[in-house]
Amino acid sequence: EERSVDYKHANDIFSAYGGYALKYKKFSGRAGLRFEHTSQDVKYAGDETRNFSTSFNDPVPSASIGYKLGDTKNIRLAYNMRIWRPNIHFLNPYRDETDPTNIRFGNSELESEKNHGFNLSFSSFTQKFNINLSLRHSFTNNWIEQYSFLDENEIMNTTYMNLGKYRNSGMSAYVNWNATSKTRIYMNMNGSYNYFGVPAMD
């Protein structure tokens with residue numbers, strides 16, 4: 001019972017959006033910006049010293065440009081950013097000393113993870129033959145990872161930091177051939193490469 005926790009976690013998100021689209025001859029484009037402000041407040045019943053609050057301010061841009069190669073052929077380049085806000089498990093600074101040799105606590109100074117994605121695609125659609133090809137790459141430089149260290153008393157401490165790196169590169173293809181009025185041959189292909197890394201800490 002003495003290890004039980006009673007708290008209230010309030011998470012408020014405010015956002016604003018703006019966008020612009022244009023067309024010029026065979027070109028088309030879109031650009032947008034979303035701004036998100038997140039406020040998190042945690043209050044513990046019976047122990048106000050453990051209360052904490054944190055906030056995030058995240059501008060989230062996106063953009064794309066397309067070119068019409070023909071009546072049925074298009075090429076498009078796009079960029080977008082996605083964010084992931086840390087939850088209470090990662091933020092809570094309460095020190096869990098259930099095991100005195102391995103103390104665990106969260107980090108209320110964490111930032112939102114930011115993933116940047118790029119996509120280049122080509123599409124061609126006709127009555128007999130359809131094809132869609134796509135190349136993509138995304139990366140995150142502040143992935144939230146668990147971090148352990150020995151303090152001055154040689155006790156293991158475990159918390160979280162924005163120190164991970166993530167990379168993903170891939171390609172996909174969809175091909176459809178209507179060989180006859182009763183025969184359709186199609187193929188889906190997908191391949192990707194993923195990288196996860198955490199730098200060594202002093």
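Biologist: How many aromatic pairs does the count come to?
Modeller: The count comes to 10 aromatic pairs. Rings of Phe, Tyr and Trp (its six-membered ring) pair if their centres lie within 6.5 Å; planes under 30 degrees apart count as stacked, over 60 as edge-to-face and the rest as tilted.

Biologist: Take F27 and Y67. Why is that pair called tilted?
Modeller: Their ring centres are 4.7 Å apart and their planes stand at 50°, so the pair is tilted. F27 belongs to strand β2 and Y67 to strand β3, so the pair ties together parts 40 residues apart in sequence. Strands (E, at least two residues) and helices (H or I, at least four) are DSSP runs, numbered from the N terminus.

Biologist: What kind of model is this?
Modeller: It is a predicted model: local features need pLDDT of at least 70, side-chain atom pairs count only at pLDDT 80 or more, and totals for chains, interfaces and linings use all residues. Residues are numbered from 1 along each chain as its sequence is written, and side-chain values use heavy atoms, leaving out hydrogens and water.

Biologist: Back to Y67. How does its accessibility class come out?
Modeller: Y67 is partly exposed, at 31% relative accessible area. Buried means under 20%, exposed over 50%, and partly exposed in between (1.4 Å probe, protein chains only). F27, at 40%, also counts as partly exposed.

Biologist: What about F118 and F139?
Modeller: Their centres are 6.5 Å apart and their planes at 15°, so that pair is stacked. F118 is in strand β6 (residues 113-125) and F139 in strand β7 (residues 129-150), 21 residues apart. Ring pairs link Y79, F118 and F139 into a cluster.

Biologist: New topic. Which residues make up the largest nonpolar core?
Modeller: There are 10: V42, Y44, F52, F56, I88, F90, L91, L110, I144 and Y160. Such a core is a set of buried Ala, Val, Leu, Ile, Met, Phe, Trp, Tyr and Cys residues joined through side-chain atoms within 4.5 Å.

Biologist: Which element gives the largest share of this core?
Modeller: That is α1, with 3 residues.

Biologist: And what does L91 touch?
Modeller: Contact means heavy atoms within 4.5 Å. Beyond four places in sequence, the partners of L91 include Q40, F52, F56 and L110.

Biologist: How are β8 and β9 joined?
Modeller: Strands β8 (residues 156-180) and β9 (residues 183-197) run antiparallel, with 14 bridges; two strands pair if DSSP finds at least two bridges between them. β8 and β9 form a hairpin with 2 residues between them. In β9, N190 is opposite S172.
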